[in-house]
Amino acid sequence: METRQLGDGLLVSAQGLGCMGMSEFYGDADEAESIATIHRALDLGVTFLDTADIYGPFTNEVLVGKAIKGRRDEVTLATKFGIVRTPTGERVGIRGDADYVRQCCDASLQRLGVDVIDLYYQHRVDQSVPIEETVGAMASLVADGKVRHLGLSECSAESLRRAVAVHPIAAVQSEYSLFSRDIEREVLPAMRALGVGLVAYSPLGRGFLTGAITSLADLGEDDFRRTSPRFAQAALEANLALVERVRGLAVEKGVTPGQVALAWTMAKGPDVVPIPGTKRRSYLEQNAAASDVSLTADELELLEELADAVVGDRYADMRVVNR
């Protein structure tokens, strides 16, 4: 696996692994298989691991820490703070005040069982706290040696500019795929002007682009995707028709639809690093192999045209992102 640079000096594997689904949101958890998947990722050179304090809640960091024990030097470890959840999973707000930043970092270090976090994100921007205060507190974590690089997740272009004025930002994490390109309007141009890398979560369109989803029946009753406008019945049917066209291209190339989708994301620039999430080794291996898939200019143009026809926003309330 090749490496890519985020910001000024953070080298990561060209593809990462999103660990969220190992603990919740996407059906039943299997700790043994999840740990085996992380170990297999490291063996394949997929060493950029992404988690957050709220995943589980609070259990995903413990899982990742258990998996990387004894292999810490192989890993670029990213986690996040800012979305407040109770131990029972209830979401109770967003916090970015300085005291909360420091408390969250210490708690994440303990759960992960590490001395330093390689990339620490503000998960969502707290609009009640100046971002200068939040990033200033994050910068103090760098000065204390608890964090190496800083990031923001789902921020607006203006929030990013204000953050960079306080401390260098290595990466912005945002949903980005053939099915989710809204950041191309304002956020991505601002990132590039400021030298900030993009970490693309859900690069497989929350499973759409793998071709594995054919109806709502493929999703468990507690699967969070059932709340997404893109999975509402009318939108689902329209979007599945687009997936069939991606599948057609994949068949021509002798690869999977998911590999085509990941190859598209990786072709968007050397500053873009997708972090497809999975909790199974077989899917991880398929995803990693997408790094060897190349797309011609004509194929890229075809995929861009398909992307313009996607039906439905990625969240029911888009005010929760680009803040």
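This is a predicted model: local features need pLDDT of at least 70, side-chain atom pairs count only at pLDDT 80 or more; totals for chains, interfaces and linings use all residues.
Residues are numbered from 1 along each chain as its sequence is written, and side-chain values use heavy atoms, with hydrogens and water left out.

**View 1. Helices α1 and α2 pack against each other at an angle of about 55°.** Helix α1 covers residues 31-44 and helix α2 covers residues 59-68, with their axes 9 Å apart. Helices (H or I, at least four residues) and strands (E, at least two) are DSSP runs, numbered from the N terminus. Axes are lines fitted to C-alpha atoms, for helices over the stretch in contact, and angles run from 0 to 180 degrees between N-to-C directions. The two helices, α1 and α2, are therefore oblique to each other; angles under 35 degrees count as roughly parallel, over 145 as roughly antiparallel, 65 to 115 as roughly perpendicular and the rest as oblique. From α1, the residues E31, S34, I35, I38 and H39 make the contact, and α2 contributes L63, V64, K66, A67 and I68 (contact means heavy atoms within 4.5 Å). Sorted by class, the contact of α1 with α2 has 6 nonpolar, 2 polar and 2 charged residues. Here Ala, Val, Leu, Ile, Met, Phe, Trp, Tyr, Cys and Pro count as nonpolar, Asp, Glu, Lys and Arg as charged, and the others, Gly among them, as polar.

**View 2. Strand β5 is covered on both faces.** Look for F48 opposite T76 in β5.

**View 3. The loop between β4 and α2 holds P57 and F58.** The peptide bond from G56 to P57 is cis, with omega near -5°. F58 has a positive phi of about 75° although it is not a glycine. Most residues other than glycine have a negative phi, and most peptide bonds are trans. With a relative accessible area of 26%, F58 is partly exposed.

**View 4. Strand β11 is largely enclosed by the rest of the structure, as 5 of its 5 residues are buried.** G197, V199 and Y201 point one way from β11, while L198 and A200 point the other way. Strand β10 (residues 171-175) pairs with β11 in the parallel sense over 5 bridges, and S174 stands opposite A200 in β11. The loop between β11 and α7 (233-253) contains R206, another non-glycine residue with a positive phi, here about 60°. R206 is buried, with a relative accessible area of 8%.

**View 5. N287 sits in helix α9 (residues 281-289).** This residue, N287, counts as buried at 8% relative accessibility. Leaving aside neighbours within four places in sequence, N287 is in contact with Q15, L204, L262, P276 and T278.

Note on methods: Buried means under 20% relative accessible area, exposed over 50%, partly exposed in between (1.4 Å probe, protein chains only). Two strands pair if DSSP finds at least two bridges between them.
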